Amino acid sequence: MHVISRYGDTMLLRLVRGEELVETLTAFCGREGISAGWIEGIGAGDRIEISYYDVEKRRYMPTVIEEEFELLNLLGNVALKEEKPFLHLHATAGKKDLSAMGGHLHSLRIAGTGEIRLTKLPGELRRSLDDETGLWLLCPTED
Ligand code: ZN
């Protein structure tokens, strides 16, 4: 991954072919000490694991797709989960026939490129486990 440029607290990043996006960006946030942030991006991949979260069953229902696709939209945030940077990302993938699928992103392997804007937010965001949904939700920073 390359840091293409920095504009204050905003970074433009480029992922390279073969890199796993979630792992790479999570490690970068750790190195940069980012404990609150916003992420958006586009690109292309050849393997993606996305899922739908079934709130009733309290579990993710993952699907792995191994074919080339356009990463039409990547959107999410960075917060601390058990003191480590954790990325909550959603992605939309466009297939060769121009149909699209999307979901909660678990992993994505870059095929062509990944062009990511990462904005570091001031302060910290934290997640804690919510008993009702089984999800690690953002904690309010004010009452
Ligand atoms: Zn999600």
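**From a loop to the zinc site and beyond**

Tutor: Happy to! Let's start at Glu82, which is found in the loop between strand E5 (69–81) and E6; helices (H or I, at least four residues) and strands (E, at least two) are DSSP runs, numbered from the N terminus. Before going on, please keep in mind that this is a predicted model, in which local features need pLDDT of at least 70 and side-chain atom pairs count only at pLDDT 80 or more, while totals for chains, interfaces and linings use all residues. Residues are numbered from 1 along each chain as its sequence is written, and side-chain values use heavy atoms, leaving out hydrogens and water.

Glu82 has a phi near 50°, a positive value in a residue other than glycine. That is worth a second look, because most residues other than glycine have a negative phi. Glu82 counts as exposed because its relative accessibility is 60%; here buried means under 20% relative accessible area, exposed over 50%, and partly exposed in between, with a 1.4 Å probe and protein chains only.

Leu98 sits in the loop between E6 and E7. With 77% relative accessibility, Leu98 is also classed as exposed.

The zinc ion has His88 (NE2), His90 (NE2) and His104 (ND1) as its protein donors, lying 2.1 Å from it. Donors are N, O and S atoms within 2.8 Å of the metal (3.2 Å for Na, K and Ca), and sites may look incomplete because water is not among the atoms. Along the chain, the zinc donors follow the spacing H-x1-H-x13-H. His90 lies in strand E6 (residues 84–94) and His104 in strand E7 (residues 100–120), so this pair ties together parts that are 14 residues apart in sequence.

Follow E7 onward and you reach Glu124, in the loop between E7 and strand E8 (126–129). Glu124 is partly exposed, at 40% relative accessibility. Its C-alpha lies 5.0 Å from that of Ala36, even though 88 residues separate them in sequence. Setting aside neighbours within four places in sequence, Glu124 is in contact with Ser35, Ala36, Leu80 and Thr141, where contact means heavy atoms within 4.5 Å.

E7 also takes part in the charge pairing. Arg117 and Glu40 form a salt bridge through their side chains (3.6 Å, N to O); the term means a side-chain nitrogen of Lys or Arg within 4 Å of a carboxyl oxygen of Asp or Glu. This pair links distant parts of the chain, with Arg117 in strand E7 and Glu40 in strand E3 (residues 36–54), 77 residues apart. Both partners are partly exposed: Arg117 at 41% relative accessibility and Glu40 at 30%.

Arg47 pairs with Glu66 in a salt bridge, their closest N and O atoms being 3.7 Å apart. Here Arg47 is in E3 and Glu66 in the loop between strand E4 (59–65) and E5, 19 residues apart, so to speak a second bridge between distant parts of the chain. Arg47 is partly exposed at 24% relative accessibility, while Glu66 is exposed at 55%. Salt bridges that share partners join Asp46, Arg47, Glu66 and Arg109 into one network.

Across the whole structure, a search finds seven salt bridges. One of them joins the side chains of Glu32 and Arg6 (3.0 Å, N to O). Because Glu32 lies in helix H1 (residues 21–32) and Arg6 in strand E1 (residues 2–7), that pair ties together parts that are 26 residues apart in sequence. Glu32 is partly exposed, at 29% relative accessible area, and so is Arg6, at 47%.
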